[in-house]
Amino acid sequence: MSLFSAVEMAPRDPILGLNEQYAADANPNKVNLGVGVYYDDNGKLPLLQCVQAAEKALMDKPAARGYLPIDGIAAYDAAVKSLVFGTDSEPVKSGRVATVQGLGGTGGLKIGADFLKKLNPQAKVLISDPSWENHRALFTQAGFEVGSYRYYDAVKRGINFDGMLADLKAAAPGTVVVLHACCHNPTGYDITPAQWDQVIATVKAGQLTPFLDMAYQGFGAGLAEDGAVIGKFVAAGLLFFVSTSFSKSFSLYGERVGALSVLAGSKEEADRVLSQLKIMIRTNYSNPPTHGGAVVAAVLNNPELRALWEKELGEMRQRIKLMRQKLVDGLKAAGVKQDMSFITQQVGMFSYSGLSKEQMVRLRGEFGVYGTDTGRMCVAALNSKNVDYVCKAIAQV
Ligand code: PLP
């Protein structure tokens, strides 16, 4: 009898399982669209020029690696606040935002979830149906009962907005509602600004707690455009949580750079919230790592590097848009009769293709084209060399 004899084997992460299958596939034409990663037109993970320049400057003046403060690099936290809320915004000026550096967007979400569990232990959490896989697991692991609100409408190929609103209206006061601020993962469908107004009114009337997951700021319409939804929540007088990820927007996946921002009612309240967030961090991993935060802070706080970053981010955004158009055109040219133009209405890195599990399995087995069983494909992994092949493969299934 071992201490671990009753330990069950946990299910494999579906995306990582797909990656392993892809790696073992001998098909020379194979394409991995199962990932949640941006690749450039050569199929390579980019190392942004702004990141290289910031790293070079850091290397030119090598610094010792002491512990960072529990809440991270002050210049980093300040830059995140400005990016999320706007430099001249009332919340930033009045000091009522508490921001902490986190281990990627996931880390920001988990710090927020742990704090919320202490704040309101009885609350339930609602996530979109479907949502990023880890939302349910993460909030469940933090001790919450996690339910969902309607979001994707497979028949209509879009959002079931009436269903979403009805589910939010039915939620008990205090319910934590996880909302994708932009570039909904996995569907690629975002609600319109007018629909956001309705969501905000419902959240306010129902006294729900909004938790905005902003993992793709800059991949939708632009940094300011994607951040505009935050301004709407502020204008409505709501207090809320925002997690930020720089994994995709800086192509710094492995450095684990992200943040959590909490908008409180006053500076004094924000200070108290910050003190509690620090306990969550201190008891989990004590304080964040130095390198990624230092790079992002250097870029965001230097006008030249910042401009370079915005240019490079814009290029990533435009390339994804181009691939969406090429997909639509290519599918038509390959003989697909159905109107596939919904792909260009979606935003961000992903597309819910509308393909069935059987079709996705055939795409993998017969063509080496890998997407998830739900029909999600990463448009950001398409390029000028593989898009025609992918279109022909889809046309055949
Ligand atoms: N939230 C959403 C919606 C995501 O898609 C992702 C990453 O895929 C994350 C959070 C996590 O980001 P990070 O890798 O920075 O932890």
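What radius of gyration does the protein chain have, and what would a compact globule with 397 residues have? The protein chain has 21 Å, in agreement with the value near 21 Å for a compact globule with 397 residues.

**Figure 1. Overall view of the protein chain in the predicted model.** The protein chain contains 15 helices and 13 strands. Taken along the principal axes, the C-alpha atoms fill a box of roughly 60 × 60 × 55 Å. Of the 397 residues in the protein chain, 46% are buried. Among contacts in the protein chain with a separation of 6 or more, 75% are between residues 24 or more positions apart.

**Figure 2. Close-up of the shell around the ligand.** The residues that surround the ligand are G36, G104, G105, T106, W132, H180, N185, D213, A215, S245, S247 and G258. By class, the shell has nine polar residues, two nonpolar and one charged. Helix α5, which spans residues 104-119, gives the most to this shell, with three residues.

**Figure 3. Close-up of the packing of helix α11 with helix α12.** Two packed helices are described by the angle between their axes and by the distance between those axes. Helix α11 (residues 291-300) and helix α12 (residues 303-333) pack at an angle of about 100 degrees, and their axes are 6 Å apart. Angles of 65 to 115 degrees count as roughly perpendicular, and α11 and α12 are therefore roughly perpendicular to each other. On the side of α11, the contact is made by A298, V299 and L300; on the side of α12, by L305, R306 and W309. The residues of this contact of α11 with α12 comprise five nonpolar, no polar and one charged.

**Figure 4. Close-up of the packing of helix α2 with helix α11.** Helix α2 (residues 49-60) packs with α11 at an angle of about 110 degrees, with the two axes 9 Å apart. This angle makes α2 roughly perpendicular to α11. From α2, the residues C50, V51, A54, E55, A57 and L58 meet A294, V295, A298 and V299 of α11. Nine nonpolar residues, no polar residues and one charged residue form the contact of α2 with α11. A298 and V299 of α11, which meet α2 here, also belong to the contact of α11 with α12.

How values were computed. Residues numbered from 1 in each chain as written. Predicted model: local features only at pLDDT ≥ 70, side-chain atom pairs only at ≥ 80, totals over all residues. Near = placed C-beta within 6 Å. Helix = DSSP H or I, 4+ residues; strand = E, 2+ residues; numbered from the N terminus. Nonpolar A, V, L, I, M, F, W, Y, C, P; charged D, E, K, R; others polar. Rg over C-alpha atoms; globule rule 2.2 N^0.38 Å. Buried ≥ 20, exposed ≤ 12 C-beta atoms within 10 Å, placed from the backbone. Contact = placed C-beta atoms within 7 Å. Axes fitted to C-alpha atoms, helices over the stretch in contact; angles between N-to-C directions. Parallel < 35°, antiparallel > 145°, perpendicular 65-115°, else oblique.
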